[in-house]
Amino acid sequence: MNYRDYLQKIIYYVINPLIKGLIKMHITPNIITFVGLLLNLVATGFFLYAAIYAPNDLLWIGWGGAIILFAGLFDMIDGRLARMGNMSSTFGALWDSTLDRYSELFTLFGIAIYFLLTGYVWSGVVTFLAMVGSVMVSYVRARAEGLDIECKVGFMQRPERVVVTSVGALLCGVFASITAFDPLLFLIVPMYLIAVLANLTAFWRVAHCYRELQKRDAHA
């Protein structure tokens, strides 16, 4: 059992009573997914407010990170609810994947705008590259699955990206009063990590698909 499966097992143990309550209330996974999107939009609003009206108040960035982290729970709840409540559907999978992309792109967009408007131009550019990598990781997997190839390789998938982004933003707020160094480093470094590792993961997946298709062609 890898670390992701172990953590997932613990989280499911904690949220299972909540899932049972949602089933009794007839709340669908699609509703939970939509609420997660709304929370991420709120986080984006915090980043944009900080960029335009309070560039020196990193508490807004911290709150944005806390909201993203909280919204991440909804990303787990909707899938668990679908399975436990026997509410899985093809459209639900499409809805979940689509809103996940919107959520991630909006929050990274908010962070990029904050960097650009506060003079951290290169960090804004790197955050844009993180957006590109995030999209491509999901895109390559979707295309691979369309070709009947399982493609989950890589080390910067969506759960990791959400945690890295949210914790980095949260730490900015927690250590906003530090003067020994720039607290924004807590967010800048994660953006560089995502920009590099997400794009590497995308190409790793392309290489994986190449090998699988070569094997398939050899046996055709």
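Is Phe-106 buried, partly exposed or exposed? Phe-106 is partly exposed, at a relative accessible area of 33% (buried is under 20%, exposed over 50% and partly exposed in between, with a 1.4 Å probe and protein chains only). The model is predicted, so local features need pLDDT of at least 70 and side-chain atom pairs count only at pLDDT 80 or more, while totals for chains, interfaces and linings use all residues. Residues are numbered from 1 along each chain as its sequence is written, and side-chain values use heavy atoms, with hydrogens and water left out.

Rings of Phe, Tyr and Trp (its six-membered ring) were paired if their centres lie within 6.5 Å, with planes under 30 degrees apart counted as stacked, over 60 as edge-to-face and the rest as tilted. The count by this rule is eleven aromatic pairs. Tyr-102 and Phe-106 are stacked, because their ring centres are 6.1 Å apart and their planes are at 20°. Both belong to helix α4 (residues 90-117), where a spacing of four residues separates them by about one helical turn; helices are DSSP runs of H or I with at least four residues, numbered from the N terminus. Tyr-102 is also partly exposed, at 45% relative accessibility. The rings of Tyr-114 and Phe-115 form an edge-to-face pair, as their centres are 6.3 Å apart and their planes at 65°. Tyr-114 is buried at 2% relative accessibility, and Phe-115 is buried at 0%.

Six salt bridges are present in the structure, each defined as a side-chain nitrogen of Lys or Arg within 4 Å of a carboxyl oxygen of Asp or Glu. Arg-158 pairs with Asp-75 at 3.2 Å, N to O. Since Arg-158 lies in helix α6 (residues 158-174) and Asp-75 in helix α3, this pair ties together parts 83 residues apart in sequence. Arg-158 is buried at 13% relative accessibility, whereas Asp-75 is partly exposed at 25%. A salt bridge of 3.6 Å, N to O, joins Arg-158 to Asp-100, which lies in helix α4, 58 residues away from Arg-158. Asp-100 is buried, with a relative accessible area of 8%. Arg-158 also meets Glu-104 in a salt bridge of 3.7 Å, N to O. Glu-104 is likewise in helix α4, so that this pair connects parts 54 residues apart in sequence. Glu-104 is buried at 7% relative accessible area. Through shared partners, salt bridges join Asp-75, Asp-100, Glu-104, Arg-158 and Arg-161 into one network.

Terms used:
Helices (H or I, at least four residues) and strands (E, at least two) are DSSP runs, numbered from the N terminus.
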